[in-house]
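Hi,

Here is the structure I promised to pass on.

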Amino acid sequence: MAPSDMAQNDNNFRVGIDVGGTFTDFVLFDPSGRQAPIFHKEPSTPADPAQAVGNGLARLIAEQALPPSAIAAIQHGTTIGLNAIIQRRGARVGLIVSEGFRDILEIGRARMPSSFDFHATRETPLIPRENVLEIGARFDRDGAITRWPDAAEIERVAADLAALDVDAAVLMLINGYLQPEQETELAAALARHGSTISVLSAAQTWPEIREYERTMAAVLNAYIQPLMDRYFARLTELIGELGIDAPLLVTTSNGGSMSLATALARPIDTVLSGPASGVVAAIRLGNEADVSRLVTFDMGGTSSDIAVSQARAPEMVTRTEIGGMPLVVPVVGVSAIGAGGGSKVWVDELGVLKVGPESAGADPGPIAYGRGGTEPTVTDCYLTLGVLDAEVFAGGTMTLDTRDVSQALEAVAARLAMSGEDAGVRAAAGALEIATAQMAAELRKGLAQRGLDPADFTLVPFGGAGPTHANWLAAEAGLPRVMVPLQPGTFCALGAATADLRRDFVRSLRVTLDDEAAGEITNRWATMIDEARDWLADQGFESADGDDVQLLPALDMRYAGQAYELNVAFAADRLAELDAATLREAFHREHELHYGFRDEGFRDEGFGNDEGRDQPTPIEVSTIRLAVVGRLVDATSPSRFAGEGVTPRTHRRLFLHGEWHEAAIYARAELGANDRFAGPAIVEQDDTTVVILPGWHARVDALGNLHLAADADESFADEEPRA
Amino acid sequence: MKLDPITLEILGNKLTAIAEEMCLTLQRTGRTLYVKETADFCCALVGLDGRFFAYPRALGVSGFVGLDCTATLAAARERYGDLEPGDVILTNDPARSGGLATHLPDLHILEPFFHDGEIVAYGWGFLHASDVGGKVPSSISPTNHEIYQEGLQIPPVKIMRAGELNEDVAALLRANSRTPEANMGDLRAMIGAVGTGRERLRQTIAQHGVAALLDVQRDLVEYAARRGSAVLAKVPEGTYRFSDFLDDEAGSGAPVRIALAVTLADGRIHLDFTGSDPQVAAAINIPSHGRPHAWLTLRVLALMVTLDPGIPINGGLLAPIDVTAPKGSLVNPLPNAAVGVRHAAAVRVNDALNGVLGQALPETMPAASGGTIIPVVIAEPARHGGGQNVQVVEPMVGGTGGRAGFDGADGRDSSISNLSNNPVETVEAETELEIVRYGLREDSAGPGQWRGGSGQMLRFRIRGAQGHVLARGMERLTFRPWGSQGGGAGEPARLELHRAGEAPRSLGKIDMLAVAENDEIALYTPGGGGWGHPFDREPEAVLADVRRGLVSRDAARRDYGVAVIADASGRASVDDAETEALRRDRPTPSALGTERERWDAVFSPARLDRLHHALFALPAVQRRTSRQAVLDAALAELPSAFPREGAIDDALAHAASRFDAALISLEATLANPAADLGDLSTSTRSS
């Protein structure tokens, strides 16, 4: 479409940005759905990541001939926080804890990374022991103060803090989650004496029971804050230079986004935003295409990630790890399943073929990239099999090196004692089968853990290699369908552009569920709802109608004696009606759903002890949660022109299932709604290559998504594209 | 190997995934905390030879890959003849399962998987059930002295017959447990999980054919065996010896010896436990049946995985291992032995293996880790209503040992189990305790060029009116985690009671301690042993430990020969000149700890070897008392707290000669079986 068409639109574009190691991806998104999203890739500038963002933005608005005022919002995902944590490049942070608990980070949860490998080392604490101070302050389990420092002690600890060589500090008091306000006051008092060092209250950051995890949330927050400050200051400046004055939003690990101001105060909420945005974008796409149960599959250079979505919403988890450290703020659940495009293909000493776990990464990368890689990778296998076209890879921006690849794979075949025609090709096919078996195993385990059947799910691949490998993975893992988005290569940027505002709130209280407790819980929720609405207002969010604000209350509950809780969701509009009996029944039901039984209580079998008869098992509530979502865009993907029966652009030899096929090659850009074709086939597009296996066929829906299903899937053929 | 190298890898991945799916299904559908949270369970696929050919990599109990189903399958066949589709065999009986089960709460099941009427594999599952009867709730007490006190023994019987629950067996199970519903819930979940494995294996056969499945069983095991053997081939050949001690028999009696002679040759390892003590009248015997059993070989498997991280995990890892374990010994007890807390002895077997391998591979193996796992438990009146509130306060462990190039891990130890600790706030929320201090124990690490990991310390106050504190599994109060290659031993464990108006009391081992309001209990776990001479430690590394507060200035000077002073700004720094002067002399630190040196001065390896030779010529029932008699003859000459308390050389010499005299007279009775043993057994330990 002509740039001028776009400029005539309302000034309402949203720009989604995802900063990766190699490329910074942009998407210019029109929420009205009248214009197809415009995608752009800009080489990343790792030394000054904001520069690539500025460059890309400038190019994007110039190419589309947009006035800066046409940009309504910039939604930005960044891995700066995550990288700082993994590479240990954050600020110097001091820690002040209740007396007796100086080793909170040293002991952690006391686990070693491996039970067998005695050379595996534990993570180094983020704060060395000499930078941890103790203070005579703590609460009891009911939140009452049992020790509190006098002015002299506060002054002494503040002086000790000032003497440490740190940029910022965190205060954590035992049972402080019950009294965040008091802990915050003490933090402020310490900061007043401690000159320029700010002191962050752990309870204020995340008021949840479990002192180590809460401390880590605050420590990580303080650790990445200065880097985030610097980055966004620079970015704001660059955006200003472009004349854009749209608000800058930062995407978050819960799949939403928040204002820059909140993100700077709470950078901990942003660290896993990249994968979360992709998952949320996949779910949004699934909703439009009426695919409600899906598994996302993001295959990158070094590894692949999956996420499971059942009820048109991302699955949230509150126990994640980053670099061996726990993260308890709610994040979209994403798990690694093994190989990526750069995973190495090799033969062990006993002559057995292996894929990974080592990766050639982006540098030097696969042999095919011609950047000095000498060991064959998964990507090299694709090339050898004919999946990739050496001439038109990445939209023709890169020519692949086929000769060195063939030689390397023939060498692999020789080490496997394979000979004869196509030995290298057969070795490559074997390596892909192994990679597929590994990924399928992990995927099936992920579903088994949740008690789910793969046959109910659609695989939604994105990332550079996801669509290439998706059909293999779906076939092996028993997922009957695959849905390939229109632009899978820049999917996380699309997710950023369409993200809602979202924030999670938490309060722990540790009560046995009875009527009094139920009353306290509903009161707490009311307070949290006020807090959440205030926060939305602070974000500059104006609700057009009630429907664009969503409140998601939930409780962490368990039967007395269990060590971990189940998260039970409730409807926001029914909170006032919740009494102990309703809450209890909701928990029983959730427990039954997850674990297959409900514990209604002890029933004595009649051996003379009647006292225990029909005692209900107590149910405990440990944590009250509330998420608030403010819908920013009613995003709808534009409909696709109906196709007129697509014909292959060409044919190519493709080695699949042990033999060569003549595969039809299609161009994604030429596909229209309701176009259908059968495998073996390849669909080529600038940002990826899609494989359709023999025995499978493809159909394009009204939104341009490419759906794959096995030939035996009779319902698939009859489905009409939805608008 | 029969299969091609691609199919082998593909099937290896798929079959391991099936075992892992079985585990995840069990964890999801299981009924109790043992299954859901402690993850005390596992599932795997068993070949026609009774060995695991596919075992989960990182789910459930990894160490049980060394178990063997052969004897259980043979027993089932003997009882029932051929098994039918839908049959499931259940056992928890260490004797009649041939060591598949190693204590009674562990329920093991095996289901034959059929294809075209032939058994092609078995599915296996085990879980730790809440209670199988016996003397105490949860069925485990270290003071049980025969297996009949530990609960119901279930020889291999059918819990499922052709797909139907065997109600007779189920009724017997229910009637013999304090938690019948929880047990049956767990058992049903486990049967279901193994059924998942059956279905998944059927799909795999449909895809790859039954011949491939039968081939891959053998190939995977052979592949693991060859890689395991390749690791062992890197160990210098020869015979190495080491012995280590448990402080006592789970709280009473004399120290218990584990002796090992290990021979490495041609990529194989032979573990000879001759010289280890007779089985004891406490629940710490290891029912190995004298075979390369999981509990005797854990450290060898760990070595294989450490040096070859990608090695397949299956029964093939056991193939290059041979074991000699004298019948009737702690490590191969007779069927009546109590075994409930067998992991307590397994911890020390692990240490002994670590020590013996350290002689062969000094650069690879660490010094000893803390060597004790102490779940500190509070039992107090429940806050609401009647009954007892019983909670684990913290599962306490020591630090790991130092090794070439690396200090030990502070306050952590995964050598036997790798449990998470409990948040202080949840402990306080669920008990009447106030946790006063929980952290690292300063000056506890064994000094070395690479020091051991610091132990932990826990101090808590009783806020309720009364209660009992349990600290079962306390060990290394006497014999310290040893150092290696010139490194020193770690501090031993200690437990103190602080009661208002009284001086703190060191209590030694407690089983159940009555406590009152405002009492404080302080428990200190051992530090790991050091590796390499502490004077070879970089002064900067010692300074860093002083700054971190883990090593005191006194210890820096005494143990490391490093003078740490305050510099002009008040910051700790090294006085180079004085350090150089201090380091001119190189005293050798005690690698095994002074207690062990004192002990060995009387009870030398040669004496104990000779004693064991004599003991194992006796009928099994006489061994324990005869051993005690000979030891008591010597101990009568020594202070009651020996070897924690030293003795003058005269006393040591005297004790040694009493030992020799008692031993000679024991040997004489062997030559002349009619002689009376009474004289020996009357000499008692002074107290």
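Below is what I found in chain B, from the overall build down to one sheet.

Please keep in mind that this is a predicted model. Chain B contains 17 helices and 22 strands. Its C-alpha atoms fill a box of roughly 80 × 70 × 65 Å along the principal axes. A compact globule of 687 residues would have a radius of gyration near 26 Å, and chain B has 26 Å, so the two agree. Of the 687 residues in chain B, 57% are buried. Taking the contacts in chain B between residues at least 6 apart in sequence, 73% join residues at least 24 apart.

Chain B is divided into four parts: domain 1 (5-227), domain 2 (371-533), domain 3 (535-582) and domain 4 (594-682). The centres of domain 2 and domain 3 of chain B are separated by 28 Å. Where these two meet, ten residues of domain 2 are in contact with ten residues of domain 3. The side of domain 2 that touches domain 3 has six polar, two nonpolar and two charged residues.

Now to the sheet. Five strands of chain B form an open, antiparallel sheet, in the order β14-β15-β20-β17-β18. β14 (433-440) and β18 (505-506) stand at the edges with a single partner strand each, so one side of each has no neighbour in the sheet. For β18(B), the pairing with β17 (residues 494-498) is antiparallel and runs over two bridges. There, B:Leu497 stands opposite B:Arg505 of β18(B).

Best wishes

Methods
Residues numbered from 1 in each chain as written. Chains lettered and ligands numbered in written order. Predicted model: local features only at pLDDT ≥ 70, side-chain atom pairs only at ≥ 80, totals over all residues. Pairing = 2+ DSSP bridges. Helix = DSSP H or I, 4+ residues; strand = E, 2+ residues; numbered from the N terminus. Domains from an automatic or database assignment. Contact = placed C-beta atoms within 7 Å. Nonpolar A, V, L, I, M, F, W, Y, C, P; charged D, E, K, R; others polar. Rg over C-alpha atoms; globule rule 2.2 N^0.38 Å. Buried ≥ 20, exposed ≤ 12 C-beta atoms within 10 Å, placed from the backbone.
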